[in-house]
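User: Can you walk me through this model? I'd like strands first, then pockets.

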Amino acid sequence: MKTFRNILSIFPVLAVLGLVSCVGEPDMPKAPDTDLKANITIAELINRFGEISYIDLDSAWYIEGVVVGNDIGGNIYKKIYLQDETGGIDIEIEMTNNHHKYAIGQRLVVSLKGLAMGLYGGQPQIAGQGNNVVQRLYEPECDEHFFRKGYASAASTPEPIETSIFDILWQPAPLVGRLIRIENVHFEDVGLTFATAGDAGNGSNRNILDSYGNSLVCRNSTYALFANDLIPGGTGDVVGILGIYNGTPQFYFRDKNDIIGFDDEPVQE
């Protein structure tokens, strides 16, 4: 009988320990998910409408891809770049600090019905419907059309497509809007800052060159976090998003981590 009473006396202690354990280990939030799936690829969408200056998208189409570019480094302004296995596309959104919600490596399904597609400087864009001009999407509109699958992760981010300046200049279209890597290049403007305040369009053009003298424009915003850093010398690799403006390919760093190597210290002119 004494043994039985001792066992009973332990039960309240166990109950308290169990309560503490439950309070100290809250349930993990469920990862965002959706049953929606792509029924058109980014390349198919661009092949259909990529040369039209403006069109409303009123069919029940869905694209799916991974965010490969956002405003994390201040060099890409009010847009994200979404990439699937076939291509990449610029999506215009009226959100600053959009990298918090649409981080690189975030998989998204985008419902295109009620959106629009158009061209800016010849580059295809997805955005909101306007009066023959695409309009940036505000956050509530993004919530209506963007459906996240899981959390952003490095494992979800596609490897940059390895290419060359020559191939970009020769045939840029398949690479526009995509994450690319160019190896063994050097900067033309060593010692200058990446961007100069007061330049037209709040951005500066700085060129990278390969060993053959082929040149590619790097477009750097005056609001980029690295805008006032000095351009280094030496040879290295660059990673970033390829764009195009009035027929001229333009390369965009996402942040300073996209500038790899270049060991020679710059000397300011």
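Here is the chat on the sheet, the cysteines and the pocket.

Analyst: Ground rules: this is a predicted model, where local features need pLDDT of at least 70, side-chain atom pairs count only at pLDDT 80 or more, and totals for chains, interfaces and linings use all residues. Residues are numbered from 1 along each chain as its sequence is written, and side-chain values use heavy atoms, with hydrogens and water left out.

User: What order do the strands of the open sheet take?

Analyst: β1-β6-β7-β4-β3-β2-β5-β8, eight strands with mixed pairing. Strands are DSSP runs of E, at least two residues, numbered from the N terminus. Two of them pair if DSSP finds at least two bridges between them.

User: Which are the edge strands?

Analyst: β1 (54-57) and β8 (146-149); each pairs on one side only.

User: How many bridges join β3 to β4?

Analyst: Five, between residues 79-83 and 88-92, running antiparallel. Tyr81 has Asp90 as its bridge partner in β4.

User: Is Cys142 buried or exposed?

Analyst: Buried, at a relative accessible area of 0%. Cys218 is buried too, at 0%. Buried means under 20% relative accessible area, exposed over 50%, partly exposed in between (1.4 Å probe, protein chains only).

User: And what volume has the largest pocket?

Analyst: About 850 Å³, as the space filled by probe spheres set on grid points joined across faces, edges and corners. On a 1 Å grid over the protein atoms alone, a pocket is an open set where a 1.4 Å probe fits, with protein on both sides within 12 Å along at least five of seven lines.

User: Which residues lie nearest its centre?

Analyst: Tyr77, Lys79, Tyr120, Arg136 and Tyr252, out of 32 lining residues. Lining means an atom within 4 Å of a point.

How values were computed:
Helices (H or I, at least four residues) and strands (E, at least two) are DSSP runs, numbered from the N terminus.
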